[in-house]
Amino acid sequence: MGMSGNDDDYEREETFEDDLYLVCHRCGKELEPGKGDWYQVSIKAVADPDVPGIDTDMSLYDISREIGDIVESVKGATERELLDDVYRNVTLHLCRPCFREWIEDPARR
Ligand SMILES: [Zn+2]
């Protein structure tokens, strides 16, 4: 015994964060759904696709299996953390003025 996981609690926490009110990621202005004056930006980031062993056509599941071997040799890092190193999907919310500035030069620091 001792295998009773608490997945329900974990999922509830994740969605709770999504349900919080939206703010612009740049200026912090509050964004109202349905008002049409802000943008949702999805960023898909994949680590250097030319690194041997990482096939970006693979599914996330395949990638996580692929790095499973590495995980065993890396002390203290979870599989999830290593996966985040290779593949990240980030969603930003930007108000219209911030979006217009940002989209012209997304890589600016
Ligand atoms: Zn803004």
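D37 is exposed, since 11 other C-beta atoms lie within 10 Å. The cut-offs run as follows: a residue is buried with 20 or more other C-beta atoms within 10 Å of its own, exposed with 12 or fewer, and partly exposed in between, with C-beta atoms placed from the backbone. This is a predicted model: local features need pLDDT of at least 70, side-chain atom pairs count only at pLDDT 80 or more, and totals for chains, interfaces and linings use all residues. Numbering starts from 1 along each chain, as its sequence is written.

D37 sits in the loop between β2 (30-31) and β3. Leaving aside neighbours within four places in sequence, D37 is in contact with C95 and R96. Contact means that two C-beta atoms, placed from the backbone, lie within 7 Å. D37 and P97 are 60 residues apart in sequence, yet their C-alpha atoms are 8.9 Å apart in space.

Now step into the strand. V41 belongs to strand β3, which covers residues 38-46. V41 has 14 other C-beta atoms within 10 Å, so V41 is partly exposed. Residues up to four places away in sequence aside, V41 touches L92 and L94. From V41 to L94 is 53 residues in sequence and 7.5 Å in space, C-alpha to C-alpha.

S42 also lies in strand β3. Is S42 buried or exposed? S42 is exposed, because it has 8 C-beta neighbours inside 10 Å. S42 touches N89 and T91, again not counting residues up to four places away in sequence.

Next, the whole chain. The protein chain has five helices and four strands. Helices (H or I, at least four residues) and strands (E, at least two) are DSSP runs, numbered from the N terminus. Along the sequence, the order is α-β-β-β-α-α-α-β-α. Of the contacts between residues at least 6 apart in sequence, 59% join residues at least 24 apart. Buried residues account for 4% of the 109 residues.

Finally, confidence. The mean pLDDT (the predictor's confidence in each residue, from 0 to 100) is 76 for the protein chain, and 64% of the residues score at least 70. Confidence is highest in helix α5 (residues 96-104), at a mean of 96, and lowest in helix α1 (residues 7-19), at 48. Over residues 9-17 the pLDDT is below 50, and this stretch has zero contacts in the model beyond near neighbours in sequence.
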